[in-house]
Amino acid sequence: MSTEQEPTTPQDELSQALPPEQPEGDDHAAALDELQDRWRRALADLDNLRKRHAKEMDAVRNEERARTAAAWLPVVDNLDLALTHAGADPSAVVEGVKAVRDQAVDVLRRLGHPRYEETGVPFDPAVHEVVGTVDDPDTEPNTVVQVVRPGYGEGSRQLRPAAVMVSKRQE
């Protein structure tokens, strides 16, 4: 008896690793059953993923709503305080309301929507909405001369454009 082995080829190793052949009909039926089982599992996994994603998105939405509402609470508190002092000195009430307005503008800025209301800039339809024109010989045509309502936000995060009056071309 010799301890030497005969050299093997990759084809020989492959044929040794494969299970013995089954009748062709049983092989196809088993493979079909396995694929159907894998397909059903994949569908169930996808359905579970959709449900989990919907729950996570709902939770994120609720957290963001709560964070935004919490940012506005000091503004509401200060408005309540201003209303309790409404019978006091009118100039103090006006100053208090201005302070509350500044606080509200700051909340919007911190939420990513800064206020803009600059005049003397060229009209830009992306950030301005024309509500009227004015004859002003001292300014270039299509220049913002008055802001009627300030705009908030910038770029794709714009809440609303600024409503402006622009100078028109003199004729």
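This note goes through a predicted protein model point by point.

1. Basis. The model is predicted: local features need pLDDT of at least 70, side-chain atom pairs count only at pLDDT 80 or more, and totals for chains, interfaces and linings use all residues. Residues are numbered from 1 along each chain as its sequence is written, and side-chain values use heavy atoms, with hydrogens and water left out.

2. Layout. The protein has 3 helices and 5 strands. From the N terminus, the order is α-α-α-β-β-β-β-β. Helices (H or I, at least four residues) and strands (E, at least two) are DSSP runs, numbered from the N terminus.

3. Of the 171 residues, 15% are buried. Buried means under 20% relative accessible area, exposed over 50%, and partly exposed in between (1.4 Å probe, protein chains only). Take the contacts (heavy atoms within 4.5 Å) with a separation of 6 or more: 60% of them join residues 24 or more positions apart.

4. Ser167. This residue sits in strand E5, residues 162–167. Ser167 counts as buried because its relative accessibility is 0%. Leaving out residues up to four places away in sequence, Ser167 touches Val134, Asp136, Thr139, Glu140, Pro141, Asn142, Thr143 and Val145.

5. Leu49. Helix H2, residues 24–84, holds Leu49. Leu49 has 42% relative accessibility, so it counts as partly exposed.

6. Surface. The protein exposes about 13,600 Å². Carbon and sulfur atoms supply 54% of that area. Accessible areas come from the Shrake-Rupley method with a 1.4 Å probe; for residues, only the protein chains shown count as cover.
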